[in-house]
Amino acid sequence: MAFYFGLLQTIGIHTLLGLSAYILLLTGQLSLAQVGFFAIGAYVSGILTVIFEYHIVPGLFLGALVGGLFAFLVGFPALRVKGLMLVVATIAFSEIVRLFFFNLNWRVSVNGVEVGPDSTQGFREIRFYAANGWDTLDVVLFVWLFVVIVMALLWWLDRVRVGATLRAVGADELAAQSSGVNIVAVKVSAMTGGGIIAGLAGGLYAHSATYVDHLTFSVLLATFAVAYPILGGLSSVFGTLIAVIFVQGVLIEGMRFLGDWRNILFGLLIIIAMNVRPAGLIDGKVVLRIREALGTGKKSGGEGHAETR
Amino acid sequence: MGIDFVDIAQAIIDGLLFGSTYALIGLGFTLIFGAMHKLNLAYAASAIAGAYVGLAMITLTGLPSVLAFFLGPIASGVIGFAVYVTCFRYIPTTNMLAPLMASIGALFFIDEIVIHATAGSPLSFPAVMEDIYLEFGDFGFRGDLIFVLAISLIAMAVLMYILFRTRLGLATRAVSQQPIAAELCGIAGHRTNAITFVVTGALGGLAGCMAAAAVGVISPLLTVPITVKGLIVTVIGGLGSIPGAIIAGFAVGGFENLFLLLFGVNQRDIYVFLLLFVFLVFRPGGVFDTAIERD
Amino acid sequence: MLKLDDLSKHFDGVRAVDGLSLEVDQGEVFGLIGPNGSGKSTTVNLICGVLSATRGKVTFKGRDLHGLPPHRRLNAGISRTFQNIRLFGELTVWQNVWIARRDAPGREAGFIRNWFGSSARTREAIEETLVFADLAGRANDLAQNLAFGEQRRLELARAVAARPDLILLDEPAAGMNREEVEDLRQRILALKHDGITVLLVEHVMELVMGVTDRIAVLNFGKLIALGTPGEIQGNAAVREAYLGSPDSESA
């Protein structure tokens, strides 16, 4: 049972990380900086609960806020670059963050025990859950509470004008500008929102893992963060969730019996998936069909999406 | 202070020589980007895999180790073609994300095949001319690095010849500038793109062999760092700029080694990334900035 | 209403627009014609802020627009359509119009309602716009699935939804058949009737001559003639400019 609870936490945290990249992808920005914000959230909230003995809720909150603040600051220079340049610049940002924590040494004595980030040794002792008597089920529910809130929020944003505006910027910046959209504001907001979500995910990760070090926050994890929404499709927030379940649940955990063949299969499946479904597993057509099946296809209040023709 | 001028100059010299591998990798990214306006993230993986194949060939057959530098690129060219077919050929050209993601899948796939075949342990790679050491006063030139430099200069010369003196090169440049017009002039876009992947793949294979020879070992762990450095070189050089990628490759190699000397291995890359930011902010068009504002 | 003053745009030494000065009056339909490459589209891009001028200035309702980005110019009352249709293909027809919608002056919704809510008034306004563009039945279709003529009409609807005072139409009749051109003519007249000023860049002379009040003719970025359709038709310099470029679609 503990295994499944652990897996559920991983799926929840990775879903949040994927959703943080999803918002940016809607505006046409492929950002590998999400893992940088994730790392910032992890370290900040970890430091707050361990060194300053905060409760986890304000710890997570501040971690997410600092992640969002850095994203806001990254957002402005990121406006200058697009496409490949943005990819490379955001990789560089994430790597600088990783190397910063790799070199960060902040050991202090709390209640007679030395704790805190220990540069190359990583940051251990993030034991808020255990120290406060939370069992694994509590942690799973706690993580998923945030997943549900964030997903509901993003789902709702896609119903209102904000969502259409984000997608308009992603589709055609010039046309969006000429339709009165302030693309600077939209892109920086998306970056900030993505940073907050990634920071939150990082904080949850640090406390679930109880131990973080720089190796976690690799380019590989940054790649996964964008891979989830791309594989799942950008038509719906559920695409990201399904991609995470598929990758973390089915591919990584479900196929352990394959040994290292599993990893080979993983790459192969990504290639096949992108050839067969270039717009992701849940593309526009699937969303349409699901809406029809649920009978919610008809427009609600006018801003409804496509219905049957 | 244990660091004097001679140390600094020596570090820069070694870095510049090693930078020739970065230049080749950067060239590969830039050529594919120039041809298709797409990013092939499996590129460094196929380079490393090619070097492995070259190494395996000479180890299994007992051929002289210099031949690895021929067999490796051939293998990488083949892998490059396979990557083109699986990740780019059949995905709609308007879709930017899917081929990128597919090439990431190919990166995982190639890397994992290598790990599977070698049981994940790094192998030693034969260095060439390592017993030669040229000395000029206070400075020395490592023979293996000179060999690396020589090979990459030859490769660049051949590449330039192909691009600017042959019909194939003309076709490549035509396809990259006006894909539809080129198609109408009877140039098969897919074929030209495929050839670009094979040529750049071979170039990458050469870079993979050279990097492995200079480092002395080869490991799939090299893939991600080389990918990242190659991308930095591509951006600093200016997207699609061939001379830019070459200059940037040498520059990144030189600076990297200098930062290694000054700040140590843990902080070296921070400064390489800061160098990238300096370029992004002050010269976003790369070293040879030719950006023209036009609708 | 719109005043161009010595407006110039040079690309690498090519003078796309060269010292253009003209004035568009409130409520008129103003035509901007000229052979291919005469600087018409560049002029449109300079007016709506996509390009910044090398020299000269654009004044709108007495206000210098220098340095204003396109979205601020839309707020100031200038909207546009694109020569090569630029819709948000994966959004619905409804959403395309929704993004560009502006409330009537004095009835603006607050920030929250504008971005996160919707009101009956908004829906009504959007539906009205769709009816105007004859797209009411296709509100929930994706823009990319529309036929060519419908996409042109959606471009127009999106530009109208912003409640502009001045609307820039960049070759709206390109690729249209005779019947569609006549439809477009009626719509332009309807805009004029609503008090919207129209700047029409067009190659289809039948439309230009049939709808405009005044016409400016550009050649090599310079103004070579200005007058009523009748005057322009009889102008020798204009005829020469067009005959000099036989590949133009000005038949």
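## Residue C:T43

In this predicted model, C:T43 is buried, with a relative accessible area of 1%; buried means under 20% relative accessible area, exposed over 50% and partly exposed in between, with a 1.4 Å probe and protein chains only. The residue C:T43 lies in helix α1 (residues 40–47) of chain C. Helices (H or I, at least four residues) and strands (E, at least two) are DSSP runs, numbered from the N terminus.

Apart from neighbours within four places in sequence, C:T43 is in contact (heavy atoms within 4.5 Å) with C:L4, C:V17, C:L20, C:L32 and C:L218.

## Domains of chain C

Chain C has a domain 1 (7–77 + 164–251) and a domain 2 (88–163), with bounds from an automatic or database domain assignment. Their centres, taken over C-alpha atoms, are 25 Å apart. In the interface, 16 residues of domain 1 of chain C are in contact with 13 residues of domain 2 of chain C. The two domains of chain C bury about 1200 Å² between them, 66% of it on carbon and sulfur atoms. Buried area is the accessible area (1.4 Å probe) that two parts lose on being put together, summed over both. On the domain 1 side, C:L74, C:P164 and C:R187 lose the most area to domain 2 of chain C, together 44% of what that side buries.

Between these domains the rule finds 0 salt bridges, a salt bridge being a side-chain nitrogen of Lys or Arg within 4 Å of a carboxyl oxygen of Asp or Glu. On the side of domain 1 of chain C that touches domain 2 of chain C, α2 (70–76), β7 (166–170) and α7 (178–193) each supply at least two residues. The largest share, 5 residues, comes from α7(C).

## Chains A and B

Chain A has 39 residues in contact with 39 residues of chain B. Chain A and chain B bury about 3400 Å² between them, 81% of it on carbon and sulfur atoms. Of the area that chain A buries against chain B, A:L84, A:M85 and A:I264 supply 18%, more than any other three residues.

The count of salt bridges between chain A and chain B is 0. Two or more residues of the chain A side come from each of α4 (83–103), α10 (219–232) and α12 (261–276) of chain A. The largest share, 13 residues, is from α4(A).

## Basis

Residues are numbered from 1 along each chain as its sequence is written, and chains are lettered from A and ligands numbered from 1 in the order in which they are written. In this predicted model, local features need pLDDT of at least 70, side-chain atom pairs count only at pLDDT 80 or more, and totals for chains, interfaces and linings use all residues, while side-chain values use heavy atoms, leaving out hydrogens and water.
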